[in-house]
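Dear colleague,

Please find below the structure that I am handing over for your attention. My notes on what was found in it follow directly after.

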2 protein chains.
Amino acid sequence: MYERKILPNLNCGLDLVGEVLYGKWKMRLLWFINEGHQRPSELQRKIPDATRRVLNIQLKELEEHELISKEIYPVVPPKVEYHLTAFGRTLIPVIGVIGKWGEEHEEKLQSVIMKRYE
Amino acid sequence: MYERKILPNLNCGLDLVGEVLYGKWKMRLLWFINEGHQRPSELQRKIPDATRRVLNIQLKELEEHELISKEIYPVVPPKVEYHLTAFGRTLIPVIGVIGKWGEEHEEKLQSVIMKRYE
DNA sequence: TAAGACGGGGATAAATTTATCCCCTATTGT
DNA sequence: ACAATAGGGGATAAATTTATCCCCGTCTTA
C-alpha cells in the first residue's frame with residue numbers, strides 16, 4: 001500500500017467519512033455488494049470503467065476499514081465473495097441518499113459539470 | 001484551472017455527485033456557509049488546516065458548479081460573501097446525513113483508520 | 001512606520017490516487 | 001494446444017489534487 005507521508009485530519013465527522021469513502025469506486029462497490037454482486041468478477045462487470053487492479057485495491061481498503069469482509073473458498077477455480085459487515089451495512093442508507101440526490105439533479109449536474117469542456 | 005486530460009465518467013448519480021463534491025474541503029465549505037460563515041476569512045478560520053489558497057480554489061469550483069454564489073461588495077477594505085444557491089441548499093441535508101453517520105461511528109472510524117499507522 | 005485585516009492569484013512542488021502493463025496458478029471448453 | 005474464466009499482485013507511469021511560496025492592492029491601528 002502507498003505509505004502516507006502526512007497524517008489525515010480527523011477533526012469532524014466529515015473527515016472520518018472521507019477517509020473511508022474517498023476513492024473513485026468505493027461507494028459503488030459497497031452499493032453493488034449490497035445488491036448481491038459479491039464476487040470480484042461480477043463487480044468488475046458492473047464497473048467496467050475501472051480496471052481489475054484498481055477495484056482490487058479499493059476492495060482491500062474497504063476490507064481494512066472493516067466495511068466489507070472477504071471470504072475465500074478453497075476451491076479450484078478460486079471463488080471469492082465479499083459481504084458487507086454490520087458496520088458496512090449502516091453506510092448503505094447514506095450512499096442511497098447521496099445517489100438519490102445525484103439522480104434527482106441529473107440534468108443540472110450534467111450541465112454544470114460539462115460547462116468546462118465546451 | 002487544471003486542464004483535465006481524461007473526461008469524467010458520468011454514468012450514474014454517484015458519479016455526478018462525485019464530480020461536484022470530491023475535494024477535501026468542499027463539504028465543509030458548504031456546511032459552514034450554510035451555517036452563516038459567509039466570508040472567506042471566516043471560512044479560513046473555521047478550517048485552519050487548509051491554506052487560504054486551497055480554499056479559494058475549492059470555493060471557485062463550488063461556484064462554477066453553481067452550488068454557491070459569490071457577492072463582491074465594492075468597498076475598501078474588500079468584502080466578499082458567499083451564499084448557497086437554491087441548488088446548493090438541496091445538498092445540505094445530504095451532507096448532514098454524511099456527517100451524522102461519521103459522528104455516530106466516530107470511535108469505530110478512528111480505530112479502523114488509525115490501524116495502518118500503528 | 002510597521003503590522004495586521006480585508007481580498008486575490010501565478011508558479012511550482014509534493015502528495016496522493018488511478019491507471020497501465022505484465023506475470024502468476026489451475027480448470028474447463030473448443 | 002489455445003482461449004477463457006476464476007483469482008491475485010509487483011512495478012511503474014500518468015493524472016489529479018493539495019500544498020507551498022511569493023507577490024499584489026488599501027485601510028486601520030498600535
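Helices (H or I, at least four residues) and strands (E, at least two) are taken here as DSSP runs and numbered from the N terminus. By that convention, the span of residues 12–110 of chain A is 61% helix and 12% strand, and its end C-alpha atoms lie 30 Å apart. An unreviewed UniProt entry lists these residues, 12–110 of chain A, as "domain: HTH hxlR-type". UniProt positions follow the numbering used here, feature names are shortened, and annotations may be inferred rather than shown by experiment.

Please note that this is a predicted model, in which local features need pLDDT of at least 70 and side-chain atom pairs count only at pLDDT 80 or more, while totals for chains, interfaces and linings use all residues. Residues are numbered from 1 along each chain as its sequence is written, and chains are lettered from A and ligands numbered from 1 in the order in which they are written.

Chain A as a whole

Chain A has seven helices and two strands, arranged along the sequence as α-α-α-α-β-β-α-α-α. The C-alpha trace of chain A spans about 50 × 35 × 25 Å along its principal axes. Of its 118 residues, 28% count as buried; a residue is buried if 20 or more other C-beta atoms lie within 10 Å of its own, exposed if 12 or fewer, and partly exposed in between, with C-beta atoms placed from the backbone. Two residues are in contact if their C-beta atoms, likewise placed from the backbone, lie within 7 Å. Among the contacts in chain A with a separation of 6 or more, 46% are between residues 24 or more positions apart.

In α2(A), the buried residues are K26(A), M27(A), R28(A), L29(A), L30(A) and I33(A). Just after α2(A) comes G36(A), with a positive phi of about 110°.

The two protein chains together

Chain A can be laid on chain B with an RMSD of 0.0 Å by a turn of 180° and a shift of 0.0 Å along the axis. The two copies are therefore related as by a two-fold rotation axis. The superposition is by least squares on the C-alpha atoms of residues with pLDDT of at least 70 in both copies.

The contact takes 35 residues from chain A and 35 residues from chain B. On the side of chain A that touches chain B, two or more residues each come from α1 (13–21), α2 (26–34), α6 (92–104) and α7 (106–114) of chain A. α6(A) gives the most, with eight residues. By class, this side of chain A has 17 nonpolar, eight polar and ten charged residues; Ala, Val, Leu, Ile, Met, Phe, Trp, Tyr, Cys and Pro count as nonpolar, Asp, Glu, Lys and Arg as charged, and the others, Gly among them, as polar. The same surface serves both copies, as 100% of the contact residues of chain A recur in chain B.

Helix α1 (residues 13–21) of chain B is largely enclosed by the rest of the structure, because eight of its nine residues are buried. These are G13(B), L14(B), L16(B), V17(B), G18(B), E19(B), V20(B) and L21(B). Their cover includes α2, α6 and α7 of chain A together with α2 (26–34) of chain B. After α1(B) comes G23(B), whose phi is positive, near 135°.

I113(B) is placed in helix α7 (residues 106–114) of chain B. I113(B) counts as partly exposed because it has 18 C-beta neighbours inside 10 Å. Leaving aside neighbours within four places in sequence, I113(B) is in contact with P8(A), L10(A), L16(A), E19(A) and V20(A). By contrast, the C-alpha atoms of I113(B) and L10(B) are separated by 29 Å.

The strand pair of chain B

Strands β1 (residues 68–73) and β2 (residues 79–84) of chain B run antiparallel and are joined by six bridges; two strands pair if DSSP finds at least two bridges between them. A hairpin of five residues joins β1(B) to β2(B), and Y73(B) stands opposite K79(B) in β2(B).

The DNA strands

A residue is near a strand if its C-beta atom, placed from the backbone, lies within 6 Å of it. Of the 22 residues around DNA strand D, S41(A), K5(B), I6(B), K24(B) and R53(B) come nearest. Of the 22 around DNA strand C, the nearest are K5(A), I6(A), K24(A), R53(A) and S41(B).

With kind regards
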